[in-house]
Amino acid sequence: MTVDIHSKYYVTKSDIQKLLECGYEKAKKIFDAARETELKSGLILAHDNKVSLKTVSKLTGFDINLSIKLKAK
């Protein structure tokens, strides 16, 4: 059973790789930047190995809604 990344609230580095179709190093940089952004904004980190998909989306400019629509086609 696979879970659609778009339905997750928190994502891992592997999820970022799949979502953005990038390599591990780029996903790690995005993950670390998202984690830093969440820490600076005072958010409580719910997981050690996950960050908010919303934060990743804001940092990368990735439009989650558009991606969901394109996937549905």
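Helices here are DSSP runs of H or I, at least four residues long, numbered from the N terminus. By that rule R35 lies in helix α2, which covers residues 24-40. The model is predicted.

**Packing of α1 and α2**

- Helix α1 spans residues 13-20, and its axis comes within 9 Å of the axis of α2.
- The two axes cross at roughly 115 degrees.
- Angles of 65 to 115 degrees count as roughly perpendicular, so α1 and α2 are roughly perpendicular to each other.
- The crossing of α1 and α2 is right-handed.
- On the α1 side, the contact is made by K13, I16, Q17 and L20.
- On the α2 side, Y24, A27, K28, I30 and F31 make the contact.

**Packing of α2 and α3**

- The axes of α2 and α3 are 9 Å apart.
- Their packing angle is about 110 degrees, and α2 and α3 are therefore roughly perpendicular to each other.
- From α2, the residues I30, A33, A34, T37 and E38 take part.
- They meet T55, V56, L59 and T60 of α3.

**R35, a buried arginine**

- R35 sits in α2 and is buried.
- R35 has no salt bridge.
- The nearest side chain of opposite charge is D48, 4.6 Å away.
- Leaving out residues up to four places away in sequence, R35 touches L45, H47, D48, N49, K50 and V51.

**E21, in the loop between α1 and α2**

- E21 is found in the loop that links α1 and α2.
- Its phi is near 50 degrees, a positive value in a residue other than glycine.
- E21 has a relative accessible area of 73%. Exposed means over 50%, so E21 is exposed.

**F62, in the loop between α3 and α4**

- F62 lies between α3 (53-60) and α4 (64-72), in the loop.
- Its relative accessible area is 21%. Buried means under 20%, so F62 counts as partly exposed.
- F62 and L19 are 43 residues apart along the chain, and their C-alpha atoms are separated by 9.3 Å.

Note on methods:
Residues numbered from 1 in each chain as written. Predicted model: local features only at pLDDT ≥ 70, side-chain atom pairs only at ≥ 80, totals over all residues. Heavy atoms only, no water. Helix = DSSP H or I, 4+ residues; strand = E, 2+ residues; numbered from the N terminus. Buried < 20%, exposed > 50% of the residue type's maximum accessible area, 1.4 Å probe, protein only. Lys, Arg positive; Asp, Glu negative; His and termini not counted. Salt bridge = Lys/Arg side-chain N within 4 Å of Asp/Glu carboxyl O. Contact = heavy atoms within 4.5 Å. Axes fitted to C-alpha atoms, helices over the stretch in contact; angles between N-to-C directions. Parallel < 35°, antiparallel > 145°, perpendicular 65-115°, else oblique. Left-handed = near helix turned anticlockwise from the far one by under 90°.
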